[in-house]
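This briefing concerns salt bridges and a surface patch in one protein structure. Please consult the sequence and the model alongside the points that follow.

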Amino acid sequence: MAYTKEEKSWIFQDWANSAYSIMITTAILPIYFKGVAANAGIAATTSTAYWGYANSIGTLLISLLAPILGTIADYQFFKKRFFGVFTAIGIAFTFLLIFIPTDAWLLLLGFYVLSLIGFSGANIFYDAFLIDVTTNDRMDKVSSAGYAFGYLGSCIPFIIFIIFQATGILPISDVALVNIGFIMTALWWLFFSIPMWKNVQQIHYIPAVKNPVKTSFKRLFHTISHISEHKNIVIFLIAYFFYIDGVDTIFRMATSYGIDLGISQTTLILILLMTQLVAFPFTLLYGYLAKQFSAKPLIFTAIFVYIIICVYAVFMKTALDFWILAMLVGTSQGGIQALSRSFFGKIIPKNRSNEFYGFYNIFGKFSAIIGPALMGIITQLTGKTQYGVASLIVLFLVGGIMFLFVKEKNLENL
C-alpha cells in the first residue's frame, strides 16, 4: 500500500528539518563559530568549551521542558500549535544568524541555542504525531521512511554548499558563503515543513480542560508517582537509554577518532556524506523487514551490528578501515533510531503520546553521557582510541539484555 497524504507529509518533515542537523549543528556553524571567537580574541580551546556549553544548555533546557510540554500537548488542539511555535523559533533564529557581527561570539551562541531549542522542541511533537498519521501495523515502515528521507534530504543542501565552497563559483567572501548556508537551511526547513502544517492533524488527544497547564502538572506528577503501572514502558526506556547512548557516542566521536587515524578533514566530510547516503536505503530496508518479522528482532539485529562495529574498531589501522566502519554505521544507525521511535509509539497510550514522548526525549538526550565518558576514560588509560570504542560494547550488551524483557504488544490500550 502506498503512503497516505498524511504519512507523506509527516515523512517530509524529517526531510525538512534534517538539513539543520548537518548544516548547523555538525558542519557549518561549529567551524564558523571558531572563526568568530578567534576574531574576538578567544583562545581555540576556550571557544571549543563554549561551544560544548551552548549545546549542553540547549539540550538541558528542552529536555527538562519536554515532559510538561508534552503533557500539555496531549490536550486537543495543543500539539499542532506547539509544533508550529517551536518550528518557527528554530527557523527564525537559524535565519537571524546572518545578522550577527563576525566578532559577536556570545550573541552567535545565544541565537544558536534558541535555534536548537526550536529544533529539538519541534521534534518532540513531530515524533508524537507518528501515532496520528498512521496505524500500528504501518508505524515501523513510516518511521523508517522518515529517518531515511531525512538522511537523504540533509545531504542535498550540504552538497550544494560544499560545491560552492570547493569551486569558488560564487565571487563572495567566506562569511557571505556561510550566510548563504544559513539562509539555505532556513528556507529548506520552512518550505518542506508546509505539508506537515497543512495536512497533519492531531487525531488522538485528551478533551480540552479549563486550566490545561495546572491539570498537566497534576497528570505528570500522577504518572511519575504511579510509574509501576507502566513497567513495560519503563523497561524499554532504560534499554533505549543504554543502547542509544552507544549509537550516539559512536556518531559524535567518529570525527575525533578519524583524526586520530590521520584522516584529513576533507576525507572525513566525504565519509560523513557517504554514511548518510548509505543510511537511506538501509533505513528503508529495516522498515520493510520489520513489517515481515516485527520491530523487536530488527532492533536486536542493529544492536548486534553495533557490537561488531565496536569489535572491528580494535583492529582498525588505516583510512580504509575507517571507511568500512563508517559504512557499517550507515547500515544500522537509521534503522535502530526509526524502529525505536515506532516501537515506543506502539506501547504507549495514544491519547497521552506527547507526555510519554517527552520522557522518550529525555532518555534520548541524556543518553549521550555515559558513552563519551567511558570511551574517554578507556582511551586515556590505554592510550588507544580503538579500545575506547570497544568499551562501548558494554552499553549495547546492557541495552540488549534489558530489551529482552520488553513486550511488543500495546499493553496500555488492551
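Lys 291 is exposed, at 51% relative accessibility, where exposed means over 50% relative accessible area, buried under 20%, and partly exposed in between (1.4 Å probe, protein chains only). The model is a predicted one, in which local features need pLDDT of at least 70 and side-chain atom pairs count only at pLDDT 80 or more, while totals for chains, interfaces and linings use all residues. Residues are numbered from 1 along each chain as its sequence is written, and side-chain values use heavy atoms, with hydrogens and water left out.

**The salt bridge of Lys 291**

- Lys 291 forms a salt bridge with Asp 137, and their closest N and O atoms are 3.8 Å apart; the term denotes a side-chain nitrogen of Lys or Arg within 4 Å of a carboxyl oxygen of Asp or Glu.
- Asp 137 lies in the loop between helix H5 (130-133) and helix H6 (139-167), and Lys 291 lies in helix H10 (residues 265-293), so the pair ties together parts that are 154 residues apart in sequence. Helices are DSSP runs (H or I, at least four residues), numbered from the N terminus.
- Asp 137 has a relative accessible area of 48% and is partly exposed.

**Other salt bridges**

- Across the whole structure, a search finds seven salt bridges.
- Arg 341 and Asp 127 form one of them, with 3.1 Å between the closest N and O atoms. Because Arg 341 lies in helix H12 (residues 319-347) and Asp 127 in helix H4 (residues 105-128), this pair ties together parts that are 214 residues apart in sequence.
- Arg 341 is buried, with a relative accessible area of 2%, and Asp 127 also counts as buried, at 14%.
- Asp 14, Asp 127 and Arg 341 are linked in a network of salt bridges.
- Lys 346 and Asp 140 meet through their side chains in a salt bridge of 2.6 Å, N to O. This pair links distant parts of the chain, with Lys 346 in helix H12 and Asp 140 in helix H6, 206 residues apart.
- Lys 346 is buried at 11% relative accessibility, and Asp 140 is buried at 5%.

**A nonpolar surface patch**

- Leu 397, Ile 401, Leu 404 and Phe 405 make a nonpolar surface patch of about 420 Å². Patches consist of residues with over 30% relative accessible area and no salt bridge, like charges being joined within 9 Å and nonpolar side chains (Val, Leu, Ile, Met, Phe, Trp, Tyr) within 5 Å. Accessible areas come from the Shrake-Rupley method with a 1.4 Å probe, and for residues only the protein chains shown count as cover.
- Ile 401 lies in helix H16 (residues 393-403) and is partly exposed, at 48% relative accessibility.

Methods: Helix = DSSP H or I, 4+ residues; strand = E, 2+ residues; numbered from the N terminus.
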